[in-house]
Amino acid sequence: MADQSGVSITTVYRYYPTKHHLFSALLLHYTRSVTPPEPATGCPAADISELMAGICRSMLARPRLARAMITSVNARRAESGAAGDFNLREIILSVAGITRPASQDAQLALLVEQCAYGVLSWAVMGETTPAQAETDMRRACELLLAPWRKT
């Protein structure tokens, strides 16, 4: 990978001492660069469902890379207790149009983030297909975000 990028392996290891650090950083970059789907429907539950299904679809389009990122985050957390705040909750709240979240809103965003991590973990380990993971993520959003559904 370093060869293809034109960066010395020494330079890579200066910033990322292990492959787990590298892949965890890549997942952090990936989640921070997520953009909401356009056009927005105006229904927070529907818009977040589309966002999360898109994340599943995008990550699982490269299953080996997705597996490396999920595995590396798990390994880093197990080794050092390193927390990885991937900013997904803030993105979810932003897509929902919630600028000052109440505690229930923050909890719903956290639950969606945790569910996405679980769905992706199952998919990268081969327990479910990418298509089923996307379907599962949509269904989870539908159920979890019912309080945000506009009537």
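## What covers helix α6

What covers the buried residues of α6? The cover includes α3 (19-32), α4 and α7. This is a predicted model.

Helix α6 spans residues 88-96. Its buried residues are L88, I91, I92, L93, V95 and A96. G97 follows α6. The phi of G97 is positive, near 80 degrees.

## Helix α4 against α6

One of the covering helices is α4. Helix α4 runs through residues 44-60. The axes of α4 and α6 lie 8 Å apart. Their packing angle is about 140 degrees. The two helices are therefore oblique to each other. An angle counts as roughly antiparallel over 145 degrees. The crossing of α4 past α6 is right-handed.

Which residues of α4 meet α6? They are P44, D47, I48, L51, M52 and I55. On the α6 side, the partners are L88, I91, I92, V95 and A96. By class, this contact has ten nonpolar residues, no polar ones and one charged. L88, I91, I92, V95 and A96 in α6 are also buried.

An α-helix has 3.6 residues a turn, so residues three or four places apart point the same way.

## Helix α4 against α7

Helix α4 also packs on helix α7, residues 103-124. Here the angle is about 30 degrees, and the axes are 11 Å apart. That makes α4 roughly parallel to α7. The crossing of α4 and α7 is right-handed.

From α4, the contact uses I48, M52, C56, M59 and L60. From α7, it uses V112, A116, V119, L120, A123 and V124. Which classes of residue make up this contact? Eleven residues are nonpolar, with no polar and no charged residues. I48 and M52 meet α7, and I48 and M52 meet α6 too.

## Helix α7 against α8

Helix α8 covers residues 130-144. It packs with α7 at an angle of about 160 degrees, with the axes 10 Å apart. That makes α7 roughly antiparallel to α8. The crossing of α7 and α8 is right-handed.

From α7, the contact is made by L108, L111, V112, C115, A116, V119 and A123. From α8, it is made by A133, D136, M137, A140, C141 and L144. These residues divide into twelve nonpolar, no polar and one charged. V112, A116, V119 and A123 of α7 touch α8. V112, A116, V119 and A123 also meet α4.

M59 is found in α4. Is M59 buried or exposed? At 5% relative accessibility, M59 counts as buried. M59 touches L27, Y30, A66, M69 and L120, leaving aside residues up to four places away in sequence. M59 and L88 are 29 residues apart along the chain. Their C-alpha atoms are separated by 14 Å.

A46 is partly exposed, with a relative accessible area of 36%. A46 and T31 are 15 residues apart in sequence. From C-alpha to C-alpha, A46 and T31 are 19 Å apart in space.

V73 lies in helix α5, residues 63-80. V73 is buried, with a relative accessible area of 3%. V73 and L27 are 46 residues apart in sequence, yet 8.3 Å apart in space, C-alpha to C-alpha. L27 is also one of the residues that M59 touches.

## Cysteines without disulfides

How many disulfides does the structure hold? It holds zero. A disulfide needs two cysteine sulfur atoms within 2.5 Å.

C43 is buried, at 17% relative accessible area.

C56 has its closest cysteine sulfur in C141 too, at 8.4 Å. That is again too far for a bond. C56 counts as buried, at 1% relative accessibility. C56 is among the α4 residues that meet α7. C141 sits in the contact of α7 with α8, on the α8 side.

Terms used. Residues numbered from 1 in each chain as written. Predicted model: local features only at pLDDT ≥ 70, side-chain atom pairs only at ≥ 80, totals over all residues. Heavy atoms only, no water. Buried < 20%, exposed > 50% of the residue type's maximum accessible area, 1.4 Å probe, protein only. Axes fitted to C-alpha atoms, helices over the stretch in contact; angles between N-to-C directions. Helix = DSSP H or I, 4+ residues; strand = E, 2+ residues; numbered from the N terminus. Parallel < 35°, antiparallel > 145°, perpendicular 65-115°, else oblique. Left-handed = near helix turned anticlockwise from the far one by under 90°. Contact = heavy atoms within 4.5 Å. Nonpolar A, V, L, I, M, F, W, Y, C, P; charged D, E, K, R; others polar.
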